[in-house]
Amino acid sequence: MNEKGLTTINLKQINRAKVYQYIYKKEATSKLQIVQDLQMGLSTVSQNLTILEKEGLIERNGYFESTGGRKAQAIRIVSSFKISIGVGILKNLFHITAVDLYGDTLFADTVSLPYSNEPSYYEQVAQEIQKFITANHYEDRILGVSIATQGITSPDNTIVTYGNIMNNTGMRLEDFSKYLPYPCHLEHDSKSAACLELWNHQDLDSAVIFLLNQNLGGAIIANHNILQGNSMHSGTIEHMCLNPEGPLCYCGNRGCLETYCSANALENASGLSAKDFFTQLRSGEVPQLLQIWKDYLNHLAFAMKNLNTVLDAPIIISGYLAPYFTEEDIDYLIEHINSATPFPLGRGNILIGVHGQYTPAIGASLFYIQQFINSI
Ligand SMILES: [Zn+2]
């Protein structure tokens with residue numbers, strides 16, 4: 001192929017990608033708007049729309065309100081054209097989610113299955129994933145299966161290098177992927193959660209993520225990237241020491257933030273499940289619970305204040321406990337963070353995640369969505 005021919009093909013691909021990605025970002029647009037905003041000729045845009053429609057990537061569906069002339073046809077991407085499966089592995093259960101090209105959850109489920117580092121476990125997880133895919137008729141649309149696990153992974157995401165909670169150090173991506181006929185990916189669940197929060201707050205440059213799950217997690221977003229670090233443990237705020245004489249942490253040290261602010265810590269302190277704890281706390285009928293909650297928030301505020309000196313950026317409360325936070329709780333945190341700091345934090349700098357326990361699974365699934373959108 002001569003140079004000119006190659007250039008023409010490249011240009012065609014670039015235009016196709018530009019048109020698709022424009023529609024993707026706009027969610028609903030018209031042909032004329034694409035012509036104007038991309039400064040492309042009408043015939044080029046028409047050609048690309050025809051190609052994308054034939055490929056099944058976009059649809060013309062409905063009309064915009066007329067502003068005088070002919071009503072403009074609304075153009076959208078087909079958000080269910082491809083689907084990514086996200087899995088969140090925990091000690092006694094795993095979450096499974098299917099998300100579309102906008103990262104919206106189409107389906108989410110929880111499967112009870114205690115973790116064990118045995119082939120039978122991985123085979124069972126894979127069987128459940130397959131069942132889920134078949135039941136929802138997703139077979140032909142799967143981009144991949146992305147697995148979020150507790151534990152730090154190797155930089156190439158093929159093996160867990162630190163997994164003291166689930167005792168899954170040495171767990172390999174291959175343990176899952178050999179039973180699944182799809183591309184598979186493995187990542188640390190705190191990083192998955194950060195992916196989802198970044199996805200939901202696309203204007204954020206930087207942030208500190210507090211993943212308030214049964215076990216605490218954390219992540220740092222800086223310059224729109226999730227920091228990994230030299231040995232993949234950037235943002236592991238759960239092992240920040242609050243009190244060297246404090247309770248024993250699973251990492252072997254004492255007084256880590258994990259021992260004060262994980263959902264496990266709250267459940268141990270109250271003797272209640274998180275759900276029951278918040279129901280009874282909010283009813284106001286058990287005064288001791290208010291004290292337990294204040295202690296929890298005090299420790300959280302202390303950690304937030306310290307981390308804000310490291311990263312001058314918003315804080316995102318994410319994960320299982322996030323949906324239980326009220327406006328008053330945020331006010332309380334802000335008041336305590338700001339009671340003794342040279343750099344007060346504005347009220348709008350604490351954000352709350354909305355996906356609760358499914359946060360890591362949904363966040364993991366975005367790996368394939370992002371890859372697909374960039375590959376168009
Ligand atoms: Zn620890």
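Reader: Which residue of strand 13 is the bridge partner of Phe 210?

Author: In this predicted model, strand 10 covers residues 207-212, and strand 13 covers residues 315-318. The two strands pair in the parallel sense over four bridges. Within strand 13, the bridge partner of Phe 210 is Ile 317.

Reader: What is the order of the strands in the open sheet of five strands?

Author: The pairing in this open sheet is mixed. Strand 12 (225-226) and strand 14 (350-352) each have a single partner strand, so one side of each is left without a neighbour in the sheet. With these two at the edges, the order is 12-11-10-13-14.

Reader: With which residues is Ile 209 in contact, leaving aside its neighbours within four places in sequence?

Author: Ile 209 belongs to the largest nonpolar core, which has 90 residues, and is listed there among those with the most contacts inside it, together with Val 87, Ile 129, Ile 147, Leu 212 and Cys 261. In general, nonpolar side chains in soluble globular proteins tend to be buried together. Once the neighbours within four places are left aside, the contacts of Ile 209 are Ala 193, Ala 194, Glu 197, Gly 218, Ala 219, Ile 221, Ile 316 and Ser 318.

Reader: Within what arc do the buried residues of helix 8 fall, seen down its axis?

Author: Helix 8 spans residues 263-270, and its buried residues are Ala 263, Ala 265, Leu 266 and Ser 270. These residues line one face of the helix, because the arc within which they fall is 160°.

Reader: What covers the buried residues of helix 8, and which residue follows this helix?

Author: The cover includes strand 10, helix 7 (258-261), helix 9 (274-283) and helix 10 (287-310). The residue after helix 8 has a positive phi, near 70°, and is Gly 271.

Reader: Is Asn 223 buried or exposed?

Author: Asn 223 lies in the loop between strand 11 (216-222) and strand 12. Its phi is positive, about 50°, although Asn 223 is not a glycine. Most residues other than glycine have a negative phi. A residue with 12 or fewer other C-beta atoms within 10 Å counts as exposed; Asn 223 has 7, and is therefore exposed.

Reader: How many C-beta neighbours does His 224 have inside 10 Å?

Author: His 224 is placed in the loop between strand 11 and strand 12. Its phi is also positive, near 70°, in a residue other than glycine. His 224 counts as exposed, and its number of C-beta neighbours inside 10 Å is 12.

Reader: How far apart in space are Gly 170 and Thr 153, C-alpha to C-alpha?

Author: Gly 170 sits in the loop between strand 8 (160-162) and helix 5 (173-177). Gly 170 is exposed, with 12 other C-beta atoms within 10 Å, yet touches Ile 159 and Val 160 when residues up to four places away are not counted. Gly 170 and Thr 153 are 17 residues apart in sequence, and their separation in space is 9.2 Å.

Reader: How far apart are the C-alpha centres of domain 1 and domain 3?

Author: The domain assignment gives domain 1 as 3-77, domain 2 as 83-193 + 359-375, and domain 3 as 202-356. The C-alpha trace of the protein chain spans about 70 × 50 × 40 Å along its principal axes. Between the centres of domain 1 and domain 3 the distance is 44 Å.

Note on methods:
Residues numbered from 1 in each chain as written. Predicted model: local features only at pLDDT ≥ 70, side-chain atom pairs only at ≥ 80, totals over all residues. Core = buried A, V, L, I, M, F, W, Y, C linked by C-beta atoms within 7 Å. Buried ≥ 20, exposed ≤ 12 C-beta atoms within 10 Å, placed from the backbone. Contact = placed C-beta atoms within 7 Å. Domains from an automatic or database assignment. Arc of directions from axis to C-beta. Pairing = 2+ DSSP bridges.
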